Amino acid sequence: QAQLVESGGGLVQPGGSLTLSCVAAGGPWSRYTMGWFRQPPGQEREFVAAIAWSDGDTYYSDSVKGRFTISRDSAKNTVYLQMNNLKLEDTGVYYCNADRSSLGMYVSTTLTLGASYEHDYWGQGTQVTVSS
């Protein structure tokens, strides 16, 4: 059984940094695309970033591009989200997910269907609060 467990959330000031981790058990994950979503308070869950496990190709939402970096460590079965220059609007519950699909299909389906698209696996989420 596959299981994704996020950690690393917390309280940070605007302009600060946090790195989230998602430990992915139950692989292999070589045929999967891994992603991060977030859900701001009172809003729908939104896409943040994705990475193809096999080759490391990435895709970012416009709101985080240039500030966030998604990566994976195959030996540790872990996906990371390095978040720099955090803004108030980055506050929310961050979720790790996985789909057995190409990066292109993952991104296309996510952007087309949004919250209605059920990804194969979801973590439980970790809270990130950006506040001064």
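1. Asp 90 belongs to the loop that runs between β8 (78-83) and β9. In this predicted model, Asp 90 is buried, its relative accessible area being 0%. Two arginine side chains make polar contacts with the side chain of Asp 90: that of Arg 38, at 2.8 Å, and that of Arg 67, also listed at 2.8 Å. With neighbours within four places in sequence set aside, the residues in contact with Asp 90 are Arg 38, Arg 67, Phe 68, Asn 85, Val 128 and Val 130.

2. The structure contains 1 disulfide. Cys 22 and Cys 96 form this bridge, with 2.2 Å between their sulfur atoms. The pair joins distant parts of the chain, given that Cys 22 is in strand β3 (residues 18-25) and Cys 96 in strand β9 (residues 92-99), 74 residues apart. The disulfide is left-handed because the torsion about the S-S bond of Cys 22 and Cys 96 is about -80°. Cys 22 is buried at a relative accessible area of 0%, and Cys 96 is likewise buried, at 0%.

3. Aromatic pairs number 8 in a search of the whole structure. One of them, formed by Tyr 32 and Tyr 121, is tilted, with 6.3 Å from centre to centre and 40° between the planes. Tyr 32 is located in the loop between β3 and β4 (33-39), whereas Tyr 121 is in strand β10 (residues 121-122); the pair therefore ties together parts 89 residues apart in sequence. As for accessibility, Tyr 32 is buried at 13% relative accessible area, while Tyr 121 is partly exposed at 29%.

4. Phe 47 and Tyr 59 also form a tilted aromatic pair, the centres being 6.1 Å apart and the planes 35° apart. Phe 47 is part of strand β5 (residues 46-52) and Tyr 59 of strand β6 (residues 58-60), so this pair ties together parts that are 12 residues apart in sequence. Phe 47 counts as buried, with 11% relative accessibility; Tyr 59, at 34%, counts as partly exposed.

5. Which residues do ring pairs link into a cluster? The members are Phe 37, Phe 47, Tyr 59, Tyr 95, Tyr 106 and Trp 122.

Conventions:
Residues numbered from 1 in each chain as written. Predicted model: local features only at pLDDT ≥ 70, side-chain atom pairs only at ≥ 80, totals over all residues. Heavy atoms only, no water. Disulfide = S-S within 2.5 Å. Helix = DSSP H or I, 4+ residues; strand = E, 2+ residues; numbered from the N terminus. Buried < 20%, exposed > 50% of the residue type's maximum accessible area, 1.4 Å probe, protein only. Polar contact = N/O pair within 3.5 Å; in protein donor to acceptor, adjacent residues only side chain to side chain. Contact = heavy atoms within 4.5 Å. Phe/Tyr/Trp six-rings, centres within 6.5 Å; stacked < 30°, edge-to-face > 60°.
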